[in-house]
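This report goes through a structure that is set out just below. Look at the sequence and the model before reading on.

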Amino acid sequence: MTTLTERIVTVADLPQPPGEGDLHSEPMELSMGPQHPATHGVLQCKLILDGEKIVRIDPVMGYLHRGKEKHAEHMTYQQFFTLTDRLDYLQPLANEVGWALTVEKLAGIEVPARAQAIRTIICEFMRLSAHLVWAGIGGVDTGAVSMFMYAFRDREALFDLLDELTGLRTNQEYLRIGGVGTDLPAELIVKMKAWIADFPAHIDQFELLLTGNRIFHQRMRGVGQISAAQAIDLGVTGPCLRATGVGVDLRRARPYLLYPQLEFDVPVGTRGDAYDRYLVRIEEMRQSTRILKQLLDQLPAGDWIAKDWKNVLPPKGRVYTSMEEMIHQFKTVTDWCPPKGEVYQATEAANGELGFYLLSAGESHPYRVKIRSPSFINLQALKPMAIGAWFGDIVAIIASLHFIMGECDR
Amino acid sequence: MSPHDATPAGPGPGPAPVAAGAAPRFAAAVANPKVLRRELTLNERLFVGPFVKALWYTFTRMFRKDITRRYPEQKMEVKPTLHGVPVLVMKEDGAPRCVACGLCEFVCPPRAIDIQPGETDRPIEREPKTFVIDMLRCIECSYCEEVCPEEAIVMSTEYEVVGRRREDFVWDLKKLLKPAQELAARIAWVRKTYKRWDAAAEIAPPPGGVFRDPRWAGRERPVDSH
Amino acid sequence: MTALGAEVLPSTQDGLAAFRVGRDAWPQLAQAMKRDPQLAFELLVDVAGADFPRRRPRFEVVYHLWSLTFNRLVRVKVGVPEEDPQIASVVELWGSADWHERETFDLFGIRFAGHPDLRRILLPDGYPWHPLRKDFPVEGIDNSICYVREGGVLMTRELAVDRPAGADRTPVDLSRGDPAGFSDGAPTLPEEGAK
């Protein structure tokens, strides 16, 4: 039981800067957020400015802390999917895939090829969805407001596809332990293919609006630069790490799902500035469409959920007619207990390594779940990026880092 | 140094630009990453060309078909996959199909469902005395529908739940019960979907029942203890 | 690594190499893991706390480290006793440990000696509890009180607790989830000695 008093960095703590001739400036304290539109949710940044230059930055978070890890200890494994959805709410299904892989690894469940392919497809769709929001919001933050409209137009069409698959636009609750909730119907595959055929042209349009735009270029170039060594030291993963030139991608480094069989490039930047992070994300969208095309062209036939009598709910028709299946249904829902053990499973989410560390005591609910959220760790890089930068650049830095506070605060 | 490197970069001592491929060799990194670097062309630096191009692009959008919908006059197309709010299926005699087993109450992640079971003289022997769903809590995940052993609770196509007071969102039996004909499309979808692998029909339960499957030796729990 | 006092733990479902190390030997091991070119664990992936009320030591800090050079992921567990919940900080070695350790302190009350700025990160400063400990109820402790301003005076007032339908959760039960027989074979207190 310790009570800590709040330790706020105040102006008085700072050494007074030497006045340059007659131009004397005093440091100023500025609180940015938690309701500032450019802080992407509820991040508060306590800034200390020397003129227009950032001297100190102290990100304050926890405004969206919902105690997911505590809740997980009191929920069944299947129920926790509904909370993982709300981690990074721009890519709910990718979070669900991460949790499903963790639980399946713990229980040793084999997932059929078709279910794995569907999971890979939705993972890539989620990456596109997250990057599209990033492109739209990043455009708004740096002054390219029309970009927002174009990005959200495509995201809307993407959500229509997922709506048809899962029944919900966001927070879909689509995954099941052992597979996915429903099959991917053939007519939807046609629609997805049509969307993917169109999409690269739309990325070209984004690039027309942003990449070659001199204003955008000047806002992003050289801003928020970190080196590869710094990024690794700070545990930065995902596009932000790749922008520094380190081609580390969990889809290749610690492969999962069907990624080893797929062809795609891992884009890297060279300087690690905001512009590189932009380029990496745009290229990742192209690579995602490439992956999706391969998957949709050769989607394996078969089951979309494991034929596993003990881990998966039995077929509905038998539940209605057979006593044993009925008992099985009740047992699986209320008392599904994976074996004791511990598992760490990470997936490459849109922002980096999304890991679940699961400790199971052999009960129907987890003993401990630790969510390694990429946004939380990447946000630490805000400090070295922002200190010494101009005040106006912090918006571009935050936009290029792209953290999601729902995932950050958990 | 190209001219646009002189554009305002952070004044702080940033790290020197890393040359492509200069990063240390990591086994975790891919062997041949796609190195991105793009310098602005002269045309782009002059700004006028891309500016006009982007404006032209925006201008042409005016003559495209609208992709937005004029909601609420124009409703969205309702498909059977849609997860609306959960409702109860009514039998021909006006009674719910529900037998108050409480499985949906258990599985509901936000605990929106509250059932008080009661006895009845009809053949089903058990029925809900009260069945309440708090629609403010409901997240429309469809878990209740998936676990229901009686096909009694299904997702409707109702997605506009409005009210003036919080009490308006607490739906009781009277509000929840819907005739089966109204929900026919969704019930058909449920039957088709949750057939699961049984659609192939070549798999039978293991001889001796699933609880005696040899793969689960040592982990079975007696069925009758629960 | 075993030369530095690390005990090899049996492999679990994910097949990671796992080690347990004493609290005193941990700083030296961490130093070696970061600096030794044969180990080269450049990236601290995750720091997780865990609470086992019936074990001695009660707490455990679990580190996941990733060597990019060899593409190797390992798990290191360090026990932390309840009486003196303190462990050496590794911020000097891995910058990412900064917020990880603040979070573990926030949620478990484990103090990291040598951390430059150890204060709460997710919960408000001045919050009296460490909620991921097993003796903290999931409903929270203080949620029946709210702060209201009446006539310019700040007062506390009892609220009717908004309990979800059908939720009569048991309060804290420390004997629940007895981790005896976890794969890592740590000793567990006998049933009577449950705290």
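## Chain A as a whole

Buried residues make up 61% of the 410 residues in chain A. A residue counts as buried if 20 or more other C-beta atoms, placed from the backbone, lie within 10 Å of its own; 12 or fewer make it exposed, and anything in between is partly exposed. The model is predicted: local features need pLDDT of at least 70, side-chain atom pairs count only at pLDDT 80 or more, and totals for chains, interfaces and linings use all residues. Residues are numbered from 1 along each chain as its sequence is written, while chains are lettered from A and ligands numbered from 1 in the order in which they are written.

Chain A has 17 helices and nine strands. Helices (H or I, at least four residues) and strands (E, at least two) are DSSP runs, numbered from the N terminus.

## Confidence

The average pLDDT of chain A is 84, and 93% of the residues score at least 70. This score is the predictor's confidence in each residue, from 0 to 100. Residues 1–8 of chain A have a pLDDT below 50.

## Helix 11

Helix 11 of chain A covers residues 274–297. Its 24 residues should span 34 Å at 1.5 Å a residue, and the end C-alpha atoms are 35 Å apart, which agrees. The expected span is 1.5 Å times one less than the number of residues. Of these 24 residues, 18 are buried, so helix 11 of chain A is largely enclosed by the rest of the structure.

## Where the chains meet

In chain A, 72 residues are in contact with 66 residues of chain B. Contact requires C-beta atoms, placed from the backbone, to lie within 7 Å. Helix 13 of chain A gives the largest share of the side of chain A that touches chain B, eight residues.

Strand 6 of chain A pairs with strand 1 (residues 34–35) of chain B in the parallel sense, over two bridges. Pairing needs at least two bridges found by DSSP. A:Pro267 stands opposite B:Lys34 in strand 1 of chain B.

Chain B also meets chain C: eight residues of chain C are in contact with twelve residues of chain B.

Notes. Two residues are in contact if their C-beta atoms, placed from the backbone, lie within 7 Å.
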